[in-house]
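I opened my notebook to look up the aromatic and nonpolar side chains here. Come and read along with me.

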Amino acid sequence: MQHRGAIVEYVARTSGLSFSILAARVGISRNTLYNRFKEKNLSFDFILALGRILHYNFSAHFPEMTPDAALPDDLRPELFEFERKYNNLLERYNWLLRFLLKKSQDANQHVLHEQVKALINASSF
C-alpha cells in the first residue's frame, strides 16, 4: 500500500508553496501539517483539500480517490471544519500539558509533575 502522506508531502514540497502558507490556508498549524504527512492512510478529504490549494490533481497517484466517494459534497466542508477545530483543540491541549509539566517542575511540585507526566503518557496520540 502506498504511503499517502509521503506522496502528498512530496507534491507539496515540489509545489513551491511554503508549508507555513499551506498550513495557514488549510487552517492548521505547520506542526499538524507535518504530522499529517506522517500518516500512511491520510484521508482523501484532506488530500482533496490540499489538491485544491496546490492546484494539483492527486487522482493520478490515487485512482481510487473520487471527490464524492465518502460523503455528499454539502457535508464535506462541515466535516473538514470539524477536523480542523479538533486538531486546533488537540494542539492547545498538548501545549497546556507541556506548560503544566514545566511549571510543576519549576515550582518543585513533584506530585503534580508526576501526575501531569502520567496524563501525557496516557493521552499520547
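My entries below go through rings, charges over rings, and a surface patch.

Entry 1: I am working with a predicted model.

**Entry 2: ring pairs.** I looked up the aromatic pairs and found 6 of them in the structure. One of them joins Tyr-56 and Phe-58 edge-to-face, with 4.8 Å centre to centre and 65° between the planes. Phe-58 has 1% relative accessibility, so I put it down as buried.

**Entry 3: a stacked pair.** Next I checked Trp-95 and Phe-99, which form a stacked aromatic pair: 5.3 Å centre to centre, with 15° between the planes. Phe-99 counts as partly exposed, at 36% relative accessibility.

**Entry 4: the patch.** I then met Trp-95 and Phe-99 again, in a nonpolar surface patch with Leu-96 and Leu-100. Together the four have about 370 Å² of accessible area. I looked up Leu-96 too: it lies in helix α5, residues 76-106, and is partly exposed at 39% relative accessible area.

**Entry 5: a cluster and two charges.** Back to Tyr-56 and Phe-58: I found them in one aromatic cluster with Phe-44 and Phe-62. Over the face of Phe-44 I found Arg-4, at 4.0 Å from the ring centre. I also noted Arg-36, whose charged end sits over the ring of Phe-46, 4.0 Å from its centre.

Notes: Residues numbered from 1 in each chain as written. Predicted model: local features only at pLDDT ≥ 70, side-chain atom pairs only at ≥ 80, totals over all residues. Heavy atoms only, no water. Patch = residues over 30% accessible without salt bridge, like charges linked within 9 Å, V, L, I, M, F, W, Y side chains within 5 Å. Areas by Shrake-Rupley, 256 points an atom, 1.4 Å probe, with all protein chains shown as cover. Salt bridge = Lys/Arg side-chain N within 4 Å of Asp/Glu carboxyl O. Helix = DSSP H or I, 4+ residues; strand = E, 2+ residues; numbered from the N terminus. Buried < 20%, exposed > 50% of the residue type's maximum accessible area, 1.4 Å probe, protein only. Phe/Tyr/Trp six-rings, centres within 6.5 Å; stacked < 30°, edge-to-face > 60°. Lys NZ or Arg CZ within 6 Å of the ring centre and 35° of its normal.
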